[in-house]
Amino acid sequence: MENILLQKFDTAPFSQIKNEDFEPAFEQAIKDAKQEVQDIINNSEEATFENTLEAMAFSGMQLDRISNIFFNLNSAETNEELQKIAQVVAPKLSEFGNDITLNPDLFKRVKSVYDKKETFNLTAEQLMLLEKSYKGFVRNGALLSESEKEQLRTIDAELALLSLKFGENVLAETNAYQLHITNENDLDGLPEDTKIMAKQLAESENKEGWIFTLDFPSYLPFVTYAKNRELRKEISIAAGKKAFQDNEFNNEANVLRIVNLRQQRANLLGYKTHADFVLEERMAQNPTKVLDFLNDLLVKAKPAATNEFEELTAFAKNLDNIEQLEKWDGAYYSEKLKQEKFNLDDEILKPYFKLENVLNGAFEVANKLFGIRFEKVSNIDVYHEDVETYEVKDENNNLVALFYADFFPRKGKRNGAWMTSFKPQFIKDRINERPHVSIVCNFTKPTPTKPSLLTFNEVTTLFHEFGHALHGMLANTVYPSLSGTSVYWDFVELPSQVMENWCYEKEALELFAKHYETGETIPMELIEKIKESASFLEGMATVRQLSFGLLDMGWHAQNPKNITSLKAFENEQFESTKLYPDVKENAMSTAFSHIFAGGYSSGYYSYKWAEVLDADAFDYFKQNGIFNREIATKFKDNVLSQGGTQPPMELYKKFRGQEPKPEALLKRAGLI
């Protein structure tokens with residue numbers, strides 16, 4: 001029987017893939033990709049853009065498809081078998097990557113084209129591909145000696161494994177904890193849906209009572225609404241000590257090893273720190289600029305945050321005689337204060353945000369802005385019955401993309417929300433291959449009596465991931481490596497974050513915020529309250545985000561070799577942003593998957609950086625109408641469709657006519 005993964009396929013053939021197909025498929029696809037590269041090297045003709053750079057850009061396509069399918073499954077629908085396969089293939093892929101970037105004969109051809117680039121009459125996109133490829137070689141050790149190249153390979157193979165191990169430990173710790181409640185009084189304050197979900201979970205395990213877990217749809221309502229402070233404390237500490245306990249899943253040694261290996265790698269390549277290495281290829285350019293950016297925002301946000309924290313403390317003392325506000329009190333009293341100030345409770349809003357309606361709302365916003373429509377189809381293979389599929393068409397009925405949506409938590413799925421793709425967009429042999437894009441979230445599942453109703457925060461999450469998806473779906477570039485979200489990381493959050501803005505606008509909300517039982521459109525006063533409350537405790541939220549960015553830079557913008565205690569180091573990094581007392585059992589870094597298992601090392605600041613861009617961009621819409629087709633087209637033509645074909649600031653200025661100004665963000669956040 002032939003291995004389905006090595007056949008030609010358009011949509012991912014999930015139902016036909018067996019776990020045992022992956023390893024042989026990776027083996028063969030790596031072998032084929034190596035041969036394609038060897039053919040480029042063996043070409044006796046002089047190196048040109050076409051026979052070298054373009055040939056490289058379209059090599060290894062099957063391997064990329066297999067990798068996309070495998071690693072997406074490992075995030076969204078994993079099991080022990082897949083995790084074991086990941087341990088085997090991750091180092092092989094890392095080695096394969098190095099085989100290419102450390103190949104002197106291949107580099108010689110690339111360098112020869114690079115040195116004569118003026119003579120080739122290249123388009124802007126071709127020039128970008130050449131620049132990126134040449135830099136990619138140099139940044140991955142092409143100019144190193146043989147022994148240094150070996151060192152680099154060893155470091156990369158170990159880093160690939162450590163990163164996987166880190167993520168597995170966090171998932172194992174998330175799955176290991178349960179708060180099992182048998183006394184109904186302990187549920188005081190919790191919304192009905194949350195209780196039903198907890199009861200169903202207990203029943204599914206043949207247990208009495210209610211079970212709460214560290215999965216967000218279970219954890220967040222508990223710490224936000226449960227009156228029982230001791231139980232809030234218990235689950236909050238459990239969440240905060242993921243992979244920071246004395247057991248086999250502890251990540252402390254992994255974190256220290258990762259940051260030291262990253263530092264060694266950067267030094268080997270001639271950079272002062274890992275952050276210097278990373279930021280060379282970002283809009284921010286260097287650690288000084290990032291730290292200045294974060295600290296400048298901190299100066300502006302800290303006074304507001306301190307005032308808000310004092311107000312929250314006084315509120316909790318007044319209400320429940322709480323002397324010292326602790327981390328497990330934050331969400332609870334914030335919600336109470338928000339209800340008092342705005343009379344706005346997520347439970348009042350949720351009936352207006354039925355998942356299907358919100359998703360259709362996102363579709364309709366995209367239709368009004370970009371003229372695309374989404375048609376649900378059932379003939380596309382999926383990896384789990386929860387996954388829904390859509391064909392995306394333009395106004396001339398051309399296929400724009402395939403869209404997959406996977407919304408509910410389950411055992412084999414990691415926490416959080418993300419966008420990913422199963423097939424990139426590119427143009428080859430005059431055919432514009434359209435992308436297959438997916439968003440994965442963890443929203444509350446429907447119950448037998450109620451559909452999935454979203455909190456307002458989940459509504460913005462859906463729009464956020466949908467913004468990333470639009471970046472992927474509307475891509476229109478020649479080369480896959482420059483397509484869609486293949487842009488600088490501090491630019492990649494612009495499309496996602498800008499989309500969130502529509503969730504606060506009356507014109508947009510009226511399209512989809514309809515009561516799931518009565519069909520009534522969300523009342524105007526609730527819309528006003530959503531807008532007013534948008535900047536509620538924004539100072540504290542900003543300082544919290546900045547603290548994560550500063551922790552990331554702490555790990556990566558200096559030499560970490562003398563750090564022995566992860567906890568002591570963290571406390572130092574959090575000194576300037578601290579509001580709540582420290583919890584000695586907890587650590588952030590051991591479960592900070594963004595920077596230790598995802599691609600955000602030295603890049604966490606990107607969220608705030610992109611917020612400056614998105615506030616400035618949306619301000620442009622606000623001035624001219626939030627569904628202004630002309631501005632939407634400029635955004636599509638200069639940002640969404642362009643991928644990484646031009647420097648991001650140039651693309652932004654083509655869209656906006658100017659560089660972004662931070663004032664729009666500070667104004668939106670109510671900080672000025």
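Predicted model: local features only at pLDDT ≥ 70, side-chain atom pairs only at ≥ 80, totals over all residues.
Biologist: What makes the pair D115 and K111 a salt bridge?

Modeller: Their side chains meet at 3.0 Å, N to O. The cut-off is a Lys or Arg side-chain nitrogen within 4 Å of an Asp or Glu carboxyl oxygen, so the pair qualifies.

Biologist: How far apart are D115 and K111 in helix 5?

Modeller: They lie four residues apart in helix 5 (residues 104-115), which means a separation of about one helical turn.

Biologist: Why are D115 and K111 called partly exposed?

Modeller: D115 has a relative accessible area of 45%, and K111 has 30%. Buried requires under 20% and exposed requires over 50%, so both residues fall in between.

Biologist: What makes K350 and E347 a salt bridge?

Modeller: The closest N and O atoms of K350 and E347 are 3.4 Å apart. That is within 4 Å, so the label applies.

Biologist: Which class does K350 fall in, and which does E347?

Modeller: K350 is at 7% relative accessibility and counts as buried. E347, with a relative accessible area of 25%, is partly exposed.

Biologist: How do you know that E391 forms a salt bridge with K393?

Modeller: The closest N and O atoms of E391 and K393 are 3.6 Å apart. The limit is 4 Å, so this pair is also a salt bridge.

Biologist: How many salt bridges does the structure hold, and which residues are linked in a network?

Modeller: The structure holds 43 salt bridges. E77, D386, D406, R410, K413 and K445 are linked in a network of them.

Biologist: What describes the packing of helix 3 against helix 4?

Modeller: Two packed helices are described by the angle between their axes and the distance between the axes. For helix 3 (residues 61-76) and helix 4 (residues 80-101), the axes come within 11 Å and cross at roughly 145°. The crossing is left-handed. From helix 3, the contact uses L63, S67, F70, F71, L73 and N74. Helix 4 contributes L82, Q83, I85, A86, V89, L93 and F96. By class, the contact has ten nonpolar, three polar and no charged residues.

Biologist: Why is S94 called buried?

Modeller: S94, found in helix 4, is at 17% relative accessibility, and the cut-off is under 20%, so S94 counts as buried. Leaving aside neighbours within four places in sequence, S94 is in contact with D156, A157 and A160.

Biologist: What makes strand 9 mostly covered?

Modeller: Five of the five residues of strand 9 (residues 436-440) are buried. H436, S438 and V440 point one way from the strand, V437 and I439 point the other way, and all are buried. In a regular strand the side chains alternate between the two faces of the sheet.

Biologist: How do you know that strand 5 pairs with strand 9, and what joins strand 6 to strand 9?

Modeller: Pairing needs at least two bridges, and strand 5 (residues 399-406) and strand 9 have five in the parallel sense, so they pair. Y404 stands opposite S438 in strand 9. Strand 6 (residues 418-423) runs antiparallel to strand 9 and is joined to it by five bridges. K423 has H436 in strand 9 as its bridge partner.

Notes: Residues numbered from 1 in each chain as written. Heavy atoms only, no water. Axes fitted to C-alpha atoms, helices over the stretch in contact; angles between N-to-C directions. Left-handed = near helix turned anticlockwise from the far one by under 90°. Contact = heavy atoms within 4.5 Å. Nonpolar A, V, L, I, M, F, W, Y, C, P; charged D, E, K, R; others polar. Buried < 20%, exposed > 50% of the residue type's maximum accessible area, 1.4 Å probe, protein only.
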